[in-house]
Amino acid sequence: MYITITYVKLKKRRYFFILSYRAMKISLQTRKEKGFLQMKNTGWGCMHYTVPAGEHLEGLKRFARQGAHLDAMKKSKTIASEVGTYTSDSLPDWETAKEMVLSKAKIITFS
C-alpha cells in the first residue's frame with residue numbers, strides 16, 4: 001500500500017466551502033480509479049489534510065494528474081497559501097501523518 005499525505009493551508013476560512021466542493025468531486029473520481037483503496041481527510045479552520053491510499057504508487061500519481069484532482073491542483077493557488085505533499089508506504093494515525101507532512105513535505109507556497 002502507498003499513501004500520499006497532503007495538507008492545504010487555506011488563505012481564508014471561508015474558502016473551506018470551495019475546498020469541500022472540490023473534495024467531493026475528487027471523491028467521486030476515486031471510485032472510478034482502479035487500485036484505489038481509500039481516502040481519508042480531516043481539518044479545521046485553515047489547515048486541511050488528506051490521505052489517499054492505493055495499491056501502487058504509479059496509480060496514485062496517475063490519479064493526481066487527471067480529472068477532478070488535476071483541476072483542483074490547477075486552481076489551488078486561488079484558495080490556498082501553501083500546500084505540502086509527502087509519500088509513504090504505510091498508513092499512520094492522524095497525529096503522525098500531520099507531523100510527517102509538516103516536517104518532511106515538499107511544500108509549495110503561493111504568494
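Residues are numbered from 1 along each chain as its sequence is written, and side-chain values use heavy atoms, with hydrogens and water left out. Because the model is predicted, local features need pLDDT of at least 70 and side-chain atom pairs count only at pLDDT 80 or more, whereas totals for chains, interfaces and linings use all residues.

The largest nonpolar core comprises ten residues, namely Ile3, Ile5, Tyr7, Tyr49, Val51, Ala53, Ala97, Met100, Val101 and Ala105. A nonpolar core is here a set of buried Ala, Val, Leu, Ile, Met, Phe, Trp, Tyr and Cys residues joined through side-chain atoms within 4.5 Å; buried denotes under 20% relative accessible area, exposed over 50%, and partly exposed the range in between (1.4 Å probe, protein chains only). At least two residues of this core are supplied by each of β1 (2-10), β3 (47-54) and α4 (94-104). Helices (H or I, at least four residues) and strands (E, at least two) are DSSP runs numbered from the N terminus. Apart from this core lies another, of seven residues, including Val8, Tyr15, Leu19 and Ala80.

The largest pocket has a volume of about 1000 Å³ and is lined by 35 residues, of which Thr6, Thr50, His69, Met73 and Thr85 lie nearest its centre. On a 1 Å grid over the protein atoms alone, a pocket is an open set of points with protein on both sides within 12 Å along at least five of seven lines, and lining residues have an atom within 4 Å of a point; the volume is the space filled by probe spheres set on the points, which are joined across faces, edges and corners. The largest share of the lining, seven residues, comes from α1.

Three aromatic pairs were counted, rings of Phe, Tyr and Trp (its six-membered ring) being paired if their centres lie within 6.5 Å, with planes under 30 degrees apart stacked, over 60 edge-to-face and the rest tilted. The pair of Tyr7 and Tyr49 is tilted, because the ring centres are 6.4 Å apart and the planes stand at 40°. This pair links distant parts of the chain, with Tyr7 in strand β1 and Tyr49 in strand β3, 42 residues apart. Tyr7 is buried at 1% relative accessibility, and Tyr49 is buried at 8%. Phe16 and Phe17 form an edge-to-face pair, 5.7 Å centre to centre with 70° between the planes. Phe16 is partly exposed at 35% relative accessible area, while Phe17 is exposed at 61%.

Conventions. 1 Å grid on protein atoms, 1.4 Å probe; cavity = no way out; pocket = protein on both sides within 12 Å on 5 of 7 lines; lining within 4 Å.
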